[in-house]
Amino acid sequence: MCVDVTDVCCVSVGARNIYHQLLMNSLLMDFRYKKIFAIQFAKNYRRLQTDFMEDDHERVVSVTSLSVQLFTVPTMARMLMVEEDLMTTIIRTFVDHLRHRDLQGCFQFDRYTAQQAFKFGRVQSLIGDLKYVLISRPSEWSDQLRLKFQEGLDAFLELLKCMQGMDPVVRQVGQHIEMEPEWEAAFTLQMKLTHIISMIQEWCSTDERVLIEAYRKCLSALSHCVETFRYQVSQDKVSIHLPVCRLLAGLHVLLSRTEVASRFPEQLPLGELSPPLLIELPLRCLVLCAQVHAGMWRRNGFSLINQIYYYHNVKCRVEMFDKDIVMLQAGASMMDPNHFLMIVLSRFELFHIFSSADCRKRYREANKDVVQQNNTLIEEMLHLIIMVVGERYVSGVGQVELFDEVKREIIHQLSIRPMAHSELVKALPENGNKETGLERVIDSVASFKKPGVTGRGLYELRPEWNKHFNLYFHHYSRADQSKAEEAQRKLRRQNGEDTAPPPPPPPLCPLFSSLVNLLQCDVLLAVEGAVLQWAVEPSGGGWTESMLQRVRHIGGCTVHINM
């Protein structure tokens, strides 16, 4: 008798569906039996997931999909975490299925076979299970819950260490890169873990002991990731993936927001921190972006351009770009401001421009491309200084309320042009519950203009909020910045107003209060003085309007130095 494989598959799928319905309508309807089933599910979790990886059926007809029925019940999830090490089991099972590593132990995706790529797609469902477990943060902690969460955090840090430094790039000189390297898998992993990283920080924020221990563990993990040697972004390997460093940045902000740093300083390893090492990796990443904008990495192809796009994109920036700025703020607040800026100048490879008495002669002798590159790098460096000093709308960095950050995002989106509700939603990052916070603040900053001929209503910024516009808002792309600048210039002409100074930022939290010292340190004054001097020299050529505009903006920020 000849059996059709398709018929066998259909029978198998049908049988699985029947078993699902049977379990859903019997065991899982009674909490007592649901608990017993959940315990057995957790005990056999690794084996079930391994079988699923080897299978070819969709998850919807796999027994593993029942995790949503079990792990989304907060009391049950906590019970499984404490009694069955669920958090640790999920993370280690996930890591075990990503076995392809480079010599440094980082995940490596560029040599994946089709079968490995298929398994990578299936293994991502485990991240969903971890999200179910962490979606509801605890209001009360037991000693056992603390212990098991910290063990889970140890496993999670091991995962992040495998991501730290993934897909490193080296600047191509001479000839174009022969083959575009794989980059999408690493960013897929980053996007999947973004909410998990945020949730872990939220858990830590609810208990002082957990936060302090998490900070210690993360700092210890980072100390094994930073190498100290002579380094240049334009010549050595650099990676955009720095999750360990960024988790530490998030925890550092929580120490400030919860006032743990001021109440329990003796329990924190703040004295063991090396601020230059804290800022090293995020600074390299930001310099890489600056050099790409300056056209220094043209021969590296589109893969690098795509990586930098997603680094700033709303889907990734909360746990990538934003955290890099926070880490620079944390490091700068613990350093002599001149030392901080000397390191920044060195990493931007601009030290020679501002340290030599005959720097104008260097400019005249350099070719046009080098001059243009240096001008762009100076612009980018000045913009970075503006962000480090002025970006204070993260609770814990600046003294702001929960939704002030969302309100500011909306203000700057509507400063470009009136937008539909759907456009604003897309421009805002979502939390683990797919919420943006838009509905809570939109009516206070914008008025709704009913649909006209176009058939869709638009939100317009209320006039009283125009004074909060900042041309160097850190989430603007270059295109956004140009559009917003033109729109605001047009608005001010209509109102007969002059160019507005930078808006006053919110006060800094005590842990970050020394950031204001950057604005009056000798190195920054020397950089500003050099740019102003170049602007008045008859020879010209060594400065740009954007450079001068940034210096004027920093000067405007100095007015608010005591805020």
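How do the residues of the lining of the largest cavity divide into nonpolar, polar and charged? I counted five nonpolar, two polar and six charged. A reminder to myself: this is a predicted model.

**Entry: cavities**

Rolling a probe the size of a water molecule over the atoms shows where empty space is left. The structure holds two cavities of 30 Å³ or more.

The largest cavity has a volume of about 120 Å³. I found 13 residues lining the largest cavity, with Glu-391, Tyr-393, Val-394, Glu-405 and His-474 nearest its centre. Helix H16 (321–333) and helix H21 (404–414) are the elements that give two or more residues to that lining. H16 has the largest share, four residues.

The second largest cavity holds about 40 Å³ of space. I wrote down its lining: Ile-90, Ile-91, Phe-94, Leu-126, Ile-127, Leu-130, Leu-159 and Leu-193. Here helix H6 (86–96) and helix H8 (125–134) are the elements giving two or more residues.

Then I turned to an open space. The second largest pocket has a volume of about 1,100 Å³. It is lined by 43 residues, and the closest to its centre are His-475, Tyr-476, Ser-477, Arg-478 and Asp-480. Several helices supply at least two residues each to this lining, among them H14 (275–293), H20 (368–390) and H26 (545–559). Which helix gives the most to the lining of the second largest pocket? I found that H24 does, with seven residues. The lining divides into 20 nonpolar, 12 polar and 11 charged residues.

**Entry: helix H14**

H14 is one of the helices that line that pocket, and I wanted to check its length. At 1.5 Å a residue, its 19 residues should span 27 Å, and the end C-alpha atoms are 27 Å apart, so the two agree. I also noted a bend of about 35 degrees at Leu-281, with a proline, Pro-282, following within four residues. Is H14 mostly covered or uncovered? Mostly covered: 16 of its 19 residues are buried. Just after H14, Gly-295 takes a positive phi of about 80 degrees.

**Entry: two strands**

I moved on to strands S1 (residues 446–449) and S2, which pair in the antiparallel sense over four bridges. Ser-447 has Glu-460 in S2 as its bridge partner. In a regular strand the side chains alternate between the two faces of the sheet. In S2 (residues 458–461), I see Tyr-459 and Leu-461 on the covered face, and Leu-458 and Glu-460 on the uncovered one.

**Entry: two loop residues**

Asp-167 has a phi near 45 degrees, a positive value in a residue other than glycine. I placed Asp-167 in the loop between helix H9 (143–163) and helix H10 (184–205). Asp-167 has a relative accessible area of 15%, and under 20% counts as buried, so I put it down as buried.

Glu-259 also has a positive phi, near 65 degrees. Glu-259 is in the loop between helix H12 (243–257) and helix H13 (260–263). Is Glu-259 buried or partly exposed? With a relative accessible area of 48%, Glu-259 is partly exposed.

Note on methods: Residues numbered from 1 in each chain as written. Predicted model: local features only at pLDDT ≥ 70, side-chain atom pairs only at ≥ 80, totals over all residues. Heavy atoms only, no water. 1 Å grid on protein atoms, 1.4 Å probe; cavity = no way out; pocket = protein on both sides within 12 Å on 5 of 7 lines; lining within 4 Å. Points joined across faces, edges and corners; volume = space filled by probe spheres on them. Nonpolar A, V, L, I, M, F, W, Y, C, P; charged D, E, K, R; others polar. Expected span 1.5 Å × (residues − 1). Bend = angle between axes of the 7 residues up to and from the residue. Buried < 20%, exposed > 50% of the residue type's maximum accessible area, 1.4 Å probe, protein only. Pairing = 2+ DSSP bridges.
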